[in-house]
There are 2 protein chains.
Amino acid sequence: MKKHNFGAGPCILPVEVLQKASEAVINLDNSGLSLIEISHRSEPFVKIMDKARSLVRELLDIPASHSVIFLQGGASLQFMMIAQNLIKKGGKAAYTDTGVWSSKAIKEAKLFGNIEVIASSENNDYRNIPKEYIIPSDIDYFHCTSNNTIYGTQMRHFPECPSVMVCDMSSDIFSREIDVNKFDLIYAGAQKNMGTAGATLVIVRDDILGKTGLKIPIMLDYKEHIYRESMNNTPPVFAIYVSMLTLQWVKDKGGVKALEKMNTEKAKLLYDAIDNNKYFKAKVSGQDRSLMNVTFDVENSKSELFELLCSENGIVGIKGHRISGGYRASIYNAMPIESIRVLVDIINKTQ
Amino acid sequence: MKKHNFGAGPCILPVEVLQKASEAVINLDNSGLSLIEISHRSEPFVKIMDKARSLVRELLDIPASHSVIFLQGGASLQFMMIAQNLIKKGGKAAYTDTGVWSSKAIKEAKLFGNIEVIASSENNDYRNIPKEYIIPSDIDYFHCTSNNTIYGTQMRHFPECPSVMVCDMSSDIFSREIDVNKFDLIYAGAQKNMGTAGATLVIVRDDILGKTGLKIPIMLDYKEHIYRESMNNTPPVFAIYVSMLTLQWVKDKGGVKALEKMNTEKAKLLYDAIDNNKYFKAKVSGQDRSLMNVTFDVENSKSELFELLCSENGIVGIKGHRISGGYRASIYNAMPIESIRVLVDIINKTQ
């Protein structure tokens, strides 16, 4: 039976990407060698890394002022790297708190400076994106999280920022058009819209770096990774390759603009089905609804039927995060509209 | 033409491992889902992680006093993590300098304390392992590198250590028997004898941790990774899976003891051929010769012929590191003796 994988991450990837990645593990481009047993300094791999970086630049229309690097450690390592690279001695930064992941980012940053939480939706169980707040100008940077996978909220607009603007886009990068000029640092773990776990993308405006006056270990220093073109040490070759393939797939699909249109359509189908069934209730309302993670509850009397229908139709990964309960359909770039239609049918049948 | 991959890393892996890894990228254990698109919290992946860790314990006979964790960032991130986790405020550590990698480890550690280099083979272009040195007892730890890939030297014996003993075993772990009781912390990037790039193994005695009195960011804190069983955040799922498969292969081959016997035999074949050809000269002599990386020079008049024969016979990755020049045959666990015989034939024919 075909599986429809609505998992939140690591999550669904395009079938073509899986096929090519699988082949490369045996024989990379008919070289007679596996992708994972060649030197990262060899021409074939350097080309893969270069292509991955240039696809990022092309797909997001990144200005020359910004560098693109691939790192390891996930967004979680970025939580401390951002602070260590940007907070000056005795400096401070401002954060919005929109859920578990921004809370973790705040906690790590506190080891490096004075962190002010200028807005939070905690009192509303993180079911909305805070909007009425003022970003101070006497800070080293402002940090926000563009999409909150656990709660299903997403920033539709980004605030004007009088300081350095940092954004965790782990779960919605390449899913919609963004103006990179508005941001000084964007980071994203790869395992949602960009590839497989093990690679982390950082897009950073070069001239914000090297200003803290403090020494940074080489593996945590963005400047070093930029200088060494993401090859300070052996990069996670397989994860870089899968990112490159996925970015090529994004390009082949028409780029980020085309995917945004499809993602909007996919999300509308699903939210409409939920809104139109009296036994279902979306956790988030209005413009804060995420196009990537659709969170909802099902009335107790119908949840058994809903889960049975999911199971009978090959739907997996739809249980909500343990923190917020209920259900969550993650519908990243690679989720085909056909799978959404299967889920919509099931929602319609849960009566 | 069959390729014989003598690259130093990322390097050759067992064919069976590549085959299984390739299949899992499409369909993990007939689940209908790819290894790289399932949740790391799902039962199938938790089992993979548990099996990888238990194989490490079994193959190296690790005592209950030590924990086994899988991290990201390669050995290079460990260079600073070791220091940050072990050096007390105002504390110091002692290092031996046996080449580029230990020099890098020393440089990173200096950000955290007073680092004393108690022995170095730099004056001999790192062609030997220093032996006559005394490890001070008033240090937070002693650090050494067991095998030096660039120069082809290897520590045959480890010194008695009056303090905490730390060893970088990136390029020879699982290639020979070691007494883990002698070590307090062992670390290794996966991409030589253990798997593919993107995972790093750390074996650490629990009771040496948490003693610096300094706060450590969560992603750099061994205690946190132990507590969260290497799942503090999304682990590099593919790299962990390949490590698990490779460790299972080691077990199936008879374990580390059996591989040590084979590795000794393989290295002897190659060193003998080099020693018996007057146009060839091994860079390292006697007991310091590495069983993993065989470094040698070829007389100018014969190097063209040697390279031609290599090329005609599918031998790749044999060029020496740019620092030391000449040639290097890396013959890790997965290198079959048949490939060594092909190289030995070529050496014999280079007359």
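Which exposed residues does the face of α7(A) turned away from its buried side carry? In this predicted model, that face carries A:Lys257, A:Lys261 and A:Asp272.

Helix α7 of chain A runs over residues 255-275. Its length is consistent with helical geometry. At 1.5 Å a residue, its 21 residues should span 30 Å, and the end C-alpha atoms are 30 Å apart, so the two values agree.

The buried set of α7(A) consists of A:Val256, A:Leu259, A:Asn263, A:Lys266, A:Ala267, A:Leu270, A:Ala273 and A:Ile274. Viewed down the axis of α7(A), these buried residues fall within an arc of 125°, so they line one face of the helix. An α-helix has 3.6 residues a turn, so residues three or four places apart point the same way.

The buried residues of α7(A) are covered by several elements of chain A. Among them are the helices α2 (43-60), α6 (237-252) and α9 (337-349). The cover also includes the strands β11 (280-282), β12 (293-298) and β14 (327-330).

Chain A is divided into domain 1 (15-252) and domain 2 (255-349). The C-alpha centres of domain 1 and domain 2 of chain A lie 27 Å apart. Across the boundary, 24 residues of domain 1 are in contact with 23 residues of domain 2. On the domain 1 side, α2, β7 (153-154) and α6 of chain A each give two or more residues. By class, that side has 8 nonpolar, 9 polar and 7 charged residues.

Definitions and conventions:
Residues numbered from 1 in each chain as written. Chains lettered and ligands numbered in written order. Predicted model: local features only at pLDDT ≥ 70, side-chain atom pairs only at ≥ 80, totals over all residues. Helix = DSSP H or I, 4+ residues; strand = E, 2+ residues; numbered from the N terminus. Expected span 1.5 Å × (residues − 1). Buried ≥ 20, exposed ≤ 12 C-beta atoms within 10 Å, placed from the backbone. Arc of directions from axis to C-beta. Contact = placed C-beta atoms within 7 Å. Domains from an automatic or database assignment. Nonpolar A, V, L, I, M, F, W, Y, C, P; charged D, E, K, R; others polar.
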